[in-house]
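Have the structure open while you read.

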Amino acid sequence: MELIIGLISGAVGGNVAGGLLKNLNQGVLINSLSGIVGGGIGGTVLSMLGAGAGGGMDLAGILSQVAGGGIGGGAVLAIVGAVRAQLSK
């Protein structure tokens, strides 16, 4: 269940980052896909580091997965946007 939360919050985080950073916006599909990848990575890394210890479905565990997924999604979108901008030059 934690992975699903991370993937969904990653998709949301990717689209929020795309909306805020217009120069990195890749469209809804690429923003969502980048966010899902980043959300999965971000949630997994936080779990490995022990954030939201216990990994349960308590409020702290859910919030850590949402934060990790959202931040990971935004980060991967920024990387994808920067790479695509460099390739288009």
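The buried residues of H2 pack against H1 and helix H3 (59-87), where helices are DSSP runs of H or I with at least four residues, numbered from the N terminus. Contact here means heavy atoms within 4.5 Å. This is a predicted model, so to speak of local features takes pLDDT of at least 70, side-chain atom pairs count only at pLDDT 80 or more, and totals for chains, interfaces and linings use all residues. Residues are numbered from 1 along each chain as its sequence is written, and side-chain values use heavy atoms, with hydrogens and water left out.

Buried means under 20% relative accessible area, with a 1.4 Å probe and protein chains only. In H2 the buried set includes Asn31, Ser32, Ser34 and Gly35. H1 has its own buried set, with Ile5, Gly6 and Ser9 among them, and these residues pack against H2 and H3.

Here are the spans, with the expected value being 1.5 Å times one less than the number of residues:

| Helix | Residues | End-to-end C-alpha span | Expected span |
|---|---|---|---|
| H2 | 22 residues | 31 Å | 32 Å |

How do H1 and H2 pack, and at what angle? Their axes, lines fitted to C-alpha atoms over the stretch in contact, are 6 Å apart at about 135°. On the H1 side, Leu3 and Gly6 are among the residues that meet H2, whose partners include Val28 and Asn31.

How values were computed: Axes are lines fitted to C-alpha atoms, for helices over the stretch in contact, and angles run from 0 to 180 degrees between N-to-C directions. Helices (H or I, at least four residues) and strands (E, at least two) are DSSP runs, numbered from the N terminus. Buried means under 20% relative accessible area, exposed over 50%, partly exposed in between (1.4 Å probe, protein chains only).
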